[in-house]
Amino acid sequence: MPFRWKLGLAYLEQGKKGTLMPRRGSATGIDSSAILGAAAESILVTSTNLDPPGPEVIYANPAFEKMTGWRIGQILGQSPRLLQGPKTDLKVFANMREVLRRGGVWEGLAINYRRDGTEFWMEWSIAGLRDEQGEIYQYMAIQRDVTARIEMQQSLRRAQLAASAAERARVNLARYFPPKLVATLAAKDQPLGPVKQQDLAVLFADIVGFTKLSEGLEPADVMQLLRDIHAWMQKVIFKWNGTIEGYIGDEVLAIFGFPENGGSGASNALACAYELLSSAQDWNQERARMGQPPVRIGIGLHYGPVVLGDVGTADFVEFTVIGDTVNTASRLQEATRRLVCDLVVGQPLLDAVRAEQYDPTQAGRFANLKRFGPLDIRGRQERVEVWTLSKGED
């Protein structure tokens with residue numbers, strides 16, 4: 001208990017059992033009634049009846065009047081419970097009687113109500129006043145309006161939660177988008193906007209024979225292999241302004257032309273596919289020097305309408321793209337195995353590339369694609385005109 005509260009108790013204990021007698025101390029020259037009246041904190045003194053209907057108010061100082069709006073004459077003989085209201089948490093008082101009967105000091109914090117019905121947060125401490133025989137004859141409550149402090153704490157907490165949520169959103173966005181877009185998107189209330197449909201380039205990249213490759217590895221080594229592959233794939237995809245929709249096992253799904261479509265999504269997707277294959281060759285050279293087997297990737301590219309948006313909760317945002325274009329790109333990636341090639345590109349993507357203002361220096365590389373012709377796609381009635389690129393032709 002703060003020292004000034006203990007001092008107040010000492011002065012009140014000068015009274016006689018059954019009465020409250022603040023008086024001028026002859027030895028000290030201190031007028032305890034003047035101290036109580038001048039106290040900045042509300043002071044309330046009650047009877048000792050802790051069982052229903054409860055204690056009655058015996059004394060209230062002017063600070064109590066100022067805090068609650070109740071005049072001293074109106075509160076005398078009343079129960080302190082008249083300060084309670086709809087939002088008062090009665091669980092706060094669960095152990096009050098037990099603590100006070102043991103002679104302890106009880107402390108509480110709850111919403112109370114002024115005479116005019118307005119709410120305020122009250123913090124208080126209740127202790128027994130003892131007579132010469134050590135018997136408790138009254139209880140004194142030191143009360144304080146701490147509304148401003150509680151509101152400040154709540155405001156700080158809301159700000160911390162908002163900052164935490166913003167950081168979680170930024171981290172989630174960083175999983176999908178190039179770094180230069182993350183800050184812009186994180187500043188928006190709805191970073192990815194409402195669910196929408198638009199034409200995009202879709203890229204699927206998969207590790208060919210990953211199951212067989214991982215059979216001879218320890219689980220930790222399998223996960224490290226995936227992390228290594230995803231790391232350099234992410235770097236290349238972000239370089240070409242791609243958005244990573246997700247990692248599905250050993251497969252990566254990326255889209256180009258979202259959220260900012262600069263008119264080069266299809267061209268960027270095709271250039272990204274070439275660089276992914278080139279990076280895979282460089283990576284395999286390093287693996288060969290360490291005596292490790294090569295890892296081959298197969299890529300499927302398609303272009304067309306997709307439905308996209310973010311789903312999830314306040315704590316976690318999951319970005320999703322769906323539609324026939326996505327399914328077809330996945331099937332084209334699967335076709336790299338039966339066509340024995342590294343890249344299968346749907347005709348709609350090449351049509352989109354020709355319609356874009358792509359870098360003319362890339363035209364020679366795009367010409368390395370070979371026309372395969374119509375391809376049957378599992379789960380799709382219409383065949384898709386495709387072009388392929390085999391290893392060593394990029």
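The structure is a predicted model, in which local features need pLDDT of at least 70, side-chain atom pairs count only at pLDDT 80 or more, and totals for chains, interfaces and linings use all residues. Residues are numbered from 1 along each chain as its sequence is written, and side-chain values use heavy atoms, with hydrogens and water left out.

The chain holds 13 helices and 13 strands, taken as DSSP runs numbered from the N terminus (helices: H or I, at least four residues; strands: E, at least two). Of its 394 residues, 44% are buried, where buried means under 20% relative accessible area, exposed over 50%, and partly exposed in between (1.4 Å probe, protein chains only). When contacts (heavy atoms within 4.5 Å) between residues at least 6 apart in sequence are considered, 61% join residues at least 24 apart.

Now for the backbone. Most residues other than glycine have a negative phi, and most peptide bonds are trans. The bond from P52 to P53, however, is cis, with omega near 5°; P53 lies in the loop between β1 (42–46) and β2 (57–60).

Two non-glycine residues have a positive phi: N241, near 60°, and V340, near 50°. N241 sits in the loop between α9 (219–239) and β7 (242–248) and is partly exposed, at 31% relative accessible area. V340 belongs to the loop between α11 (324–338) and β11 (343–346) and is exposed, at 63%.
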